[in-house]
Amino acid sequence: MSILAQSAAALAASLLTIQVASAAIAMVRCRKGAPIGTIGKPKGITIVRPLCGLEPYSKETIEASFQIDWPDYELIFCVADAQDPIVPLTQAAIDRHPHIPARLLFGMERLGPNPKLNNMAKGFRNARFDIIVFVDSNLLVAPDYLHRLTGAWREDAGMVTAPAFGDRPEGFWSMVECAMLNSYQARIQYAVDTLGSGFAQGKSLMFRRADLERGGLESLASEPAEDAAATKMMRGKARGIAVAGPPYPQLLGRRSLTQVWGRHLRWARLRRASFPVLFAPEIFSGTLPPLAAALVAAHGAGINLLAATAVFLAVWYIPEWLLTRIAGWPRSAALLPAMLLRDILLPALYFCAFFGRSVTWNGNKVDLAAAPKRRVLQRPQIIANVITAGSARLARVSLVRSLKTLRRS
């Protein structure tokens, strides 16, 4: 074999090993009935859920918030506009469960370009308890939700997060969304966390109040997405990020190609803006780069290319299929074609992420360059304030001395 063929074989083998190993890790972390970690004495917890408009399963996800098995928790539902159609549905659920402390808050606090964070801020300000969980509106929490989050909290962790898996797909494009969320994104997040480098995922974020007070909440606006900002904030404090599992369902319903493409293009642009160095290797994501390398190696070794393609794809996708079965994620005859199409879309999403300086988020246009980079600007601003205060003090001292001189004369 030539040096080119040998290099291609090494690349294909490396990427295939990552695929199989990450799937094996996720099988352990995401299996049904996975044990819950050790839980200390239960404490009061505030759950903040931002809402915006009616979604296909809004009634079910809101109702599930009141079925959580925890001795002392409160619910704060945050809505930007009091005329939002989600308000009557939410208020009716609150009225049905008077035994669960729950409130509905309105308005926006302008922290940065992130509309979800601006909506959630009032929930944090009004929280009664010292442990606060931000939960997305379309996540279907289970009765053991808080047990699993608190059970995942390690001594070195500053926060707990949990991915979501796509559930209840309707139609082919919704199955493509499942292929994106489940055996691709959730698999990678659990594998990375197991290797000791967990990162936040905005579907579920659990904090201690102390970590968000004195500017911590505003720090979440230092990036276009609050989960990226939370990851950087915790790493800046040398605190770990615990990832709870198995994931909870994000209810999808029917999706279109435009919706799937727009959502994942937004996420790709957010990753590129917040973590450019980590985003760069994503060019090797999916099956196309390793398959191309495997075919170059097969050609150099004189192996039939059609047979090489069939063997490679089988070894690549069988672990993913087993993962969806063990985890209990949606499976159908459309899943394998959805996985193939996902892997065709990944390179296109990667390159399109480099074009465009904004994303659309719940109808709001977010400028990726507009987030206040507090870590960069905070120190110069403090220095400027000190200089201004010092100059004012010198001016007052000079004035007092001049008046004293005039009186003496």
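## Close-up views of a predicted model

View 1. In β9, D167 has L251 as its bridge partner. This is a predicted model, in which local features need pLDDT of at least 70 and side-chain atom pairs count only at pLDDT 80 or more, while totals for chains, interfaces and linings use all residues. Residues are numbered from 1 along each chain as its sequence is written, and side-chain values use heavy atoms, with hydrogens and water left out. Strand β6 (residues 164-170) runs parallel to β9, and the two pair over six bridges; pairing here requires at least two DSSP bridges between the strands. Helices (H or I, at least four residues) and strands (E, at least two) are DSSP runs, numbered from the N terminus. Of the seven residues in β9 (residues 248-254), six are buried, where buried means under 20% relative accessible area, exposed over 50%, and partly exposed in between (1.4 Å probe, protein chains only).

**View 2. The surroundings of R255.** R255 counts as buried because its relative accessibility is 18%. Its side chain makes a polar contact of 3.2 Å with the side chain of E177; such a contact is a pair of N or O atoms within 3.5 Å, where within protein one must be able to donate a hydrogen and the other to accept it, and residues adjacent in sequence count only if both atoms are side-chain atoms. A polar atom of the R255 side chain also lies 3.4 Å from the backbone oxygen of L252. Leaving aside residues up to four places away in sequence, R255 touches E170, W173, S174, E177, Q250, V260 and R263 (contact means heavy atoms within 4.5 Å).

**View 3. The R103 and E74 salt bridge.** The side chains of R103 and E74 form a salt bridge, 2.9 Å from N to O. R103 lies in strand β3 (residues 102-106) and E74 in strand β2 (residues 73-79), so this pair ties together parts 29 residues apart in sequence. A salt bridge is a side-chain nitrogen of Lys or Arg within 4 Å of a carboxyl oxygen of Asp or Glu. R103 is partly exposed, at 28% relative accessible area, whereas E74 is buried at 2%.

**View 4. The D136 and K203 salt bridge.** Here the side chains of D136 and K203 meet at 3.2 Å, N to O.
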